[in-house]
Amino acid sequence: MNTNLSRRGLLGASAVLGAALPAAAATKPTPKSPTAKKPLLAPTPPMGWNSWNSFATTINEAQTLEQAAIMTRELRPAGYDILTVDIQWYEPGASSYTYAAKPVPTLDDHGRLLPAPNRFPSSAGGKGFKPLADRIHALGLRFGVHLMRGAPRLAVERGLKVLGTDISLADIVDKRSICPWNPDMYGVDMSKPGAQAYYDSVFALLASWGVDFVKVDDLARPYDAHRAEIEAIHRAIGRTGRPIVLSMSPGETPVVRGAHARQYAQMWRISDDFWDDWKMLDAQFTRLENWSPYIGDGGWPDADMLPLGRLALGERDTKFTPDEQRTLMTLWSIARSPLIMGGDLRHLDAPTKALLTNREVIAVNQASRDNRPHFVEDGMRVWTAKATNGDAYLALFNTGEKPGEIGVDLKLVGLPATVSVRDLWTGRDLGKAAGRFSVQLPSHGAGLYRLS
């Protein structure tokens, strides 16, 4: 997880290159076909919870299980089922959003990271995350972990060798390939003998623990410099035989690499770390617009976690206003970004739960198609999509600094001249609209509608 919260430059609308794959690409041939495709690892945008926004590097086993129990009770019925332990679970002394200059991660004899037993007691004796994963699975959840790209620097210093080989980790790493914000790892030079075997060993270990989801950081930027490692990680996951979802982080992933990202991962970050700041949220509109051709077919442009509720080691609640929180959920839903809650679930209040679990809104995220932005007027954003039965979804956003009427001519955005309108956030039917539909929205506010 990158602690640099500065925003990177936005891609212009002209940066949208390529086209979405046809819907037929996701259909399964007959089982006997020699070209039969494997089932998609992420047929819909992943939904879950991640520890970074609320626990930084510090989460431990007891806290993980506490979050899992609340998630099972409060969020799992709405579809949130992936619990992910974020960065430095292997670091015994991790304490904040900053990283020790000289980390001492917990390692096995082949340079593979292990949970720090002082923080995850059930991992003692070489058990790794398997006991914890088993308990997460027993709750009906999937278990995810965070990794940094590369091999641990400490393993190189100790002269450790790749599992099943006589090749030293020092011979496969590139000491010039380092993360600018985290000191844990060296990049792996995939041209070296033993490089793929190293990644294979890492993901074989994760698979043996029962890991279902891996977020690999320092991977998607700079993209071309890490392309060989992206492909190596993809191969390593495939060789485990376990259906592990790969999330690439952080962004910006370049839009011109969208086809490659979708081929080798199920999620890829479209921005640097996203936090509860309106300027950051406003910037995500353009990024998600640029990425709209790549939504679907098992691949999901990832606008990052939802910084809602209690954040930052319990120091504060989200800075987003209630209107901005609705805008956040509306945008992530209509653009089908993964829905990964970041706030501490021990402080989940009724308004936040209602925001996260609105079934009609989640249906837009999980089961819509043809999601596309429209450019109608400054100070507003408009998206449409189609429901599974052919109804239309319409998302309206007031990105300006004053309340105002936000609306569209139905024909202009490809909708029928007369429609029946349902407000998905309130669950109320609003009657018919003819020719044009408009609503009053607060500054930084949003509405989401189903049009029949």
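Contact here means heavy atoms within 4.5 Å. All views come from a predicted model.

View 1. T357 sits in helix 10, which spans residues 350-357. Leaving aside residues up to four places away in sequence, T357 touches E74, L75, A78 and I362. T357 and E74 are 283 residues apart along the chain, yet their C-alpha atoms are separated by 8.7 Å. The side chain of T357 also has a polar atom 2.6 Å from the backbone oxygen of K353.

**View 2. The buried residues of helix 10 and their cover.** T352, L355, L356 and T357 are the buried residues of this helix. Their cover includes helix 2 (61-74) and helix 9 (322-334). Strand 13 (339-341) and helix 11 (359-367) are also among the covering elements.

**View 3. N365 in helix 11.** N365 belongs to helix 11. The relative accessible area of N365 is 0%, so this residue is buried. Beyond residues up to four places away in sequence, N365 touches P45, W332, S333, R336, S337 and L339. The side chains of N365 and Q366 are joined by a polar contact of 2.7 Å.

**View 4. Helix 8 against helix 9.** Two packed helices are described by the angle between their axes and the distance between the axes. Helix 8 (residues 278-291) packs on helix 9 at an angle of about 20°, and the axes are 11 Å apart. The pair is therefore roughly parallel. The crossing of helix 8 with helix 9 is left-handed. Helix 8 makes the contact with W278, L281, Q284, F285 and L288. Helix 9 contributes E324, T327, L328, L331 and W332. These contact residues divide into 7 nonpolar, 2 polar and 1 charged.

**View 5. Two cis peptide bonds in loops.** Most residues other than glycine have a negative phi, and most peptide bonds are trans. The bond from R221 to P222 is cis, with omega near -10°. P222 lies in the loop between strand 7 (213-217) and helix 6 (227-240). G251 and E252 are also joined by a cis peptide bond, with omega about 5°. E252 is in the loop between strand 8 (245-248) and helix 7 (258-264).

View 6. D218 is not a glycine, but its phi is positive, near 55°. D218 is in the loop between strand 7 and helix 6. Its relative accessibility is 4%, so D218 counts as buried. D297, also not a glycine, has a positive phi of about 55°. D297 is in the loop between helix 8 and strand 10 (300-302). At 22% relative accessibility, D297 counts as partly exposed.

Technical notes: Residues are numbered from 1 along each chain as its sequence is written. This is a predicted model: local features need pLDDT of at least 70, side-chain atom pairs count only at pLDDT 80 or more; totals for chains, interfaces and linings use all residues. Side-chain values use heavy atoms; hydrogens and water are left out. Helices (H or I, at least four residues) and strands (E, at least two) are DSSP runs, numbered from the N terminus. A polar contact is a pair of N or O atoms within 3.5 Å; within protein, one must be able to donate a hydrogen and the other to accept it, and residues adjacent in sequence count only if both atoms are side-chain atoms. Buried means under 20% relative accessible area, exposed over 50%, partly exposed in between (1.4 Å probe, protein chains only). Axes are lines fitted to C-alpha atoms, for helices over the stretch in contact, and angles run from 0 to 180 degrees between N-to-C directions. Angles under 35 degrees count as roughly parallel, over 145 as roughly antiparallel, 65 to 115 as roughly perpendicular and the rest as oblique. A crossing is left-handed if the near helix is turned anticlockwise from the far one by less than a right angle, and right-handed if clockwise. Ala, Val, Leu, Ile, Met, Phe, Trp, Tyr, Cys and Pro count as nonpolar, Asp, Glu, Lys and Arg as charged, and the others, Gly among them, as polar.
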